[in-house]
Amino acid sequence: QVHFMESGGTSVEPGASLTLSCTVTGRSVRGVALGWYRQAEGQARETLAAEGNLWGASYAASVEGRFTIFRDNAANTVFLKMTNLTVEDTARYYCNMGSWSDGPLYASWGRGTHVIVSA
């Protein structure tokens, strides 16, 4: 069974940077597209970024130029580097397998990691 364990979320001020991690267990991430998602309170889950080994990354317009997705296959981990954070980035962040076009591959999500951006 595949599990996703997100970490790195915390409270920061606007303009700060933060890098989130997601370690996958139960399946190797080699050759598999990975993505980051977030869900703010009272809102639907939003796709933020996705990337695969053989193609480049895709980003939502709301984060393009500020967020970067990258991976460490040896650690079976995907990261999301976030810069110039704004209060609108406050949300719980999740990862999953799957490309930008296909969307999340697994219906079972991790617990996510909470990012709070406030002055």
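## Loop residues with positive phi

Asn84 is found in the loop between β8 and β9, where strands are DSSP runs of E of at least two residues, helices are runs of H or I of at least four residues, and both are numbered from the N terminus. The phi angle of Asn84 is near 50 degrees, a positive value in a residue other than glycine, and Asn84 is partly exposed, with a relative accessible area of 45%; here buried means under 20% relative accessible area, exposed over 50% and partly exposed in between, using a 1.4 Å probe and protein chains only. Most residues other than glycine have a negative phi.

Asn76, in the loop between β7 and β8, also has a positive phi, near 55 degrees, but counts as buried at 14% relative accessibility.

## Basis of the values

This is a predicted model, in which local features need pLDDT of at least 70 and side-chain atom pairs count only at pLDDT 80 or more, while totals for chains, interfaces and linings use all residues. Residues are numbered from 1 along each chain as its sequence is written, and side-chain values use heavy atoms, with hydrogens and water left out.

## Gly103

Gly103 lies in the loop between β9 and β10 and is buried, with a relative accessible area of 15%. Leaving aside residues up to four places away in sequence, Gly103 touches Tyr37, Met97 and Gly98, a contact being heavy atoms within 4.5 Å. The C-alpha atoms of Gly103 and Ser21, which are 82 residues apart along the chain, are separated by 19 Å.

## Overall fold

The protein chain has zero helices and ten strands. The radius of gyration, taken over C-alpha atoms, is 13 Å, close to the 14 Å that the globule rule (2.2 Å times the number of residues to the power 0.38) gives for 119 residues, so the chain is as compact as a globular protein of that length. Along its principal axes the C-alpha trace spans about 40 × 25 × 25 Å, and buried residues make up 45% of the 119 residues.
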